[in-house]
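Subject: Structure handover

Hello,

Here is the structure for your files. Please open it alongside this note. My findings follow below.

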Amino acid sequence: MSQQYVHQHLSPLGPPVENERAAVRRLRRDVDGAVHVPFEVAYDRERQAPYSDIDPRPVAVVMATGSADVRAALATAREHGLPLAVQGTGHGTQAASDGGILVKTTQLAGVLVDPVRKVARVGAGAVWEQVIAAAAPLGLAPLAGAHQTVGVAGYTLGGGIGWLSREYGFAADSLLRAEVVTADGRVLTASADSHPDLFWAMRGGGGNFGVVTSLEFRLHPVARVFAGAAFFPGERAADVLVRYRDWIASAPDALSTAVRLTRLPDDRQVPAPLRGRRVVAVHVMFGGPGEEAGRLLAPLFEAAGRPLLETFRTGAFGEMDMGGTVPAHVNLLDTLPDPVIDILVATAARPDSPVSGVEIRHWGGAMGRPGPHAGPVGHRTAHFSAILDARLPEVEAVLRPHTGGRAFLNFLQDPDNAVAAYTPSDYRRLREVKRAYDPDNFFRLNYNIPPA
Ligand SMILES: Cc1cc2nc3c(=O)[nH]c(=O)nc-3n(C[C@H](O)[C@H](O)[C@H](O)COP(=O)(O)OP(=O)(O)OC[C@H]3O[C@@H](n4cnc5c(N)ncnc54)[C@H](O)[C@@H]3O)c2cc1C
């Protein structure tokens with residue numbers, strides 16, 4: 001039973017069941033969109049958080065059709081003393097909306113592309129594949145991640161790192177404007193000229209500052225890219241990583257890479273040369289000709305030996321399947337010291353290891369060169385992330401001295417540790433903006449930043 005729910009039982013608003021029923025009646029009266037309640041099929045479908053262990057049990061799920069519905073849900077939540085949560089896809093939901101009102105943005109999924117200004121204006125429920133599909137015919141692309149089913153809103157508000165980020169920055173850096181319903185029920189436009197402090201905070205501060213109903217962001221001139229992976233025997237992992245850490249210093253911004261150590265199943269769906277093997281794979285996306293990528297990658301591949309398989313090709317950005325490692329344990333690193341390489345390689349190699357995937361990803365480039373007005377995306381100076389698909393205390397102990405406890409909001413597992421995702425000065429300023437726009441921490445079912 002969640003703390004909010006216990007609080008409800010002690011509430012002066014009358015018996016909780018009556019209070020919740022009254023809230024649902026009010027929602028049904030004031031909201032244009034559907035209102036789903038427990039035991040409805042749609043309720044179970046919409047409340048899910050598929051990538052989290054939580055099993056949210058809100059009082060009602062509100063399928064918002066616009067900012068008026070969000071305002072009505074917010075007013076109902078406030079009047080009935082219920083917490084409010086917001087969700088698009090549920091990919092990043094880490095705090096349960098138990099005993100509260102869950103606002104779903106799924107129906108706010110319109111996508112408009114302005115080819116002259118090279119911007120996209122999207123509803124808060126849009127997912128990346130819709131934006132990629134709308135932008136691609138114009139030779140443009142958004143700063144999406146590899147998984148195109150991720151929601152634009154949660155991804156962008158939490159920073160957003162994708163395969164184009166070394167060249168064009170974090171997704172939050174390309175945000176130009178957001179329409180947002182604030183904790184006091186105002187509908188505001190946040191941009192460089194309108195509520196600039198709120199706009200700053202929303203470019204990395206997550207869902208702390210209001211419910212976003214639409215966003216406008218820059219698109220970038222990316223049509224075709226060279227991408228794919230080269231797979232080598234797992235025994236080469238240490239050699240590849242040692243060369244990678246030195247070779248990476250000369251990589252241009254247009255070249256994005258990750259090294260993945262994986263155990264592949266003995267399964268017919270896995271290409272024959274890789275089936276049942278431990279492999280080290282170098283994943284690449286390059287915004288230039290394949291020959292140039294080959295020249296840039298040659299010194300790295302020399303250390304790796306003969307590949308078991310290569311999947312490189314030139315094609316549309318949105319058609320490239322870059323895969324990814326499930327982020328159970330994410331570490332931001334400035335370098336790849338020997339002890340880090342050793343523990344990652346040993347962990348991936350252990351036959352009984354609960355870790356079946358390790359990804360070392362190169363950051364830097366434009367992400368590390370924010371403009372003077374950039375938002376609070378944290379730890380821009382990190383050069384690498386090391387992502388493991390399971391947590392192991394012995395690995396955490398070796399990595400901790402090298403990570404400085406830093407986190408990236410979108411990959412944070414612990415909703416109570418948002419502080420780890422920011423520099424101290426950004427975190428202080430975020431708490432001040434929170435005090436200005438949400439002084440009683442109404443928006444708290446998220447990676448919470450408490451008001452100053
Ligand atoms: C398979 C997978 C791959 C991923 N890959 C990447 C990646 O490559 N790069 C990266 O940066 N991240 C990545 N992520 C993390 C992802 O960006 C976050 O989980 C993000 O929060 C997902 O946003 P969403 O809107 O889809 O999720 P939701 O669960 O719908 O939302 C997550 C949170 O975002 C906030 N939020 C969402 N919508 C709104 C809104 N309209 N107004 C206010 N707040 C809102 C809320 O706090 C909410 O709890 C990945 C996640 C998964 C599951």
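His 379 counts as buried because 22 C-beta neighbours lie inside 10 Å. The cut-offs for that term are these: buried takes 20 or more other C-beta atoms within 10 Å of the residue's own, exposed takes 12 or fewer, and partly exposed is in between, with C-beta atoms placed from the backbone.

Before going on, two notes on the model. It is predicted, so local features need pLDDT of at least 70 and side-chain atom pairs count only at pLDDT 80 or more, while totals for chains, interfaces and linings use all residues. Residues are numbered from 1 along each chain as its sequence is written.

Back to His 379. Its phi is positive, about 55 degrees, although it is not a glycine. Most residues other than glycine have a negative phi. His 379 sits in the loop between strand 16 (357-362) and strand 17 (384-388). Helices (H or I, at least four residues) and strands (E, at least two) are DSSP runs, numbered from the N terminus.

Asn 441 also is not a glycine and has a positive phi of about 55 degrees. Asn 441 lies in the segment after helix 13 (424-437). Is Asn 441 buried or partly exposed? It counts as partly exposed, because it has 14 C-beta neighbours inside 10 Å.

**Domains and ligand**

The chain is assigned domain 1 (3-104), domain 2 (111-221 + 417-437) and domain 3 (224-415). These bounds come from an automatic or database domain assignment. Taken over C-alpha atoms, the centres of domain 1 and domain 3 are 39 Å apart.

Where does the ligand lie? Domain 1 and domain 2 both give residues to its shell, so it lies between them. The ligand is surrounded by 32 residues, and the closest are Gly 92, Gly 145, Gly 151, Gly 154 and Gly 207. Strand 3 (84-87), helix 6 (152-157) and strand 9 (211-218) are the elements that give two or more residues to the shell. Helix 6 gives the largest share, four residues.

By type, the shell holds eleven nonpolar, 21 polar and no charged residues. Here Ala, Val, Leu, Ile, Met, Phe, Trp, Tyr, Cys and Pro count as nonpolar, Asp, Glu, Lys and Arg as charged, and the others, Gly among them, as polar.

One of the closest residues, Gly 145, is 16 residues from Glu 129 in sequence and 10.0 Å away in space, C-alpha to C-alpha. Glu 129 is in helix 5 (residues 128-135). Glu 129 is partly exposed, because 14 other C-beta atoms lie within 10 Å.

Ser 97 lies in the loop between strand 3 and strand 4 (101-104). Ser 97 is buried, with 27 other C-beta atoms within 10 Å. Ser 97 and Leu 399 are 302 residues apart along the chain, and 33 Å separate their C-alpha atoms.

**Helix pairs**

The axes of helix 2 (residues 16-30) and helix 4 (residues 67-79) come within 10 Å and cross at roughly 160 degrees. That makes the helix 2 and helix 4 pair roughly antiparallel. Axes are lines fitted to C-alpha atoms, for helices over the stretch in contact, and angles run from 0 to 180 degrees between N-to-C directions. Roughly antiparallel means over 145 degrees.

Helix 9 (residues 237-247) and helix 10 (residues 290-304) pack at about 160 degrees, with axes 8 Å apart. They are therefore roughly antiparallel to each other.

Best wishes

Conventions. A residue is near a molecule or strand if its C-beta atom, placed from the backbone, lies within 6 Å of it. Angles under 35 degrees count as roughly parallel, over 145 as roughly antiparallel, 65 to 115 as roughly perpendicular and the rest as oblique.
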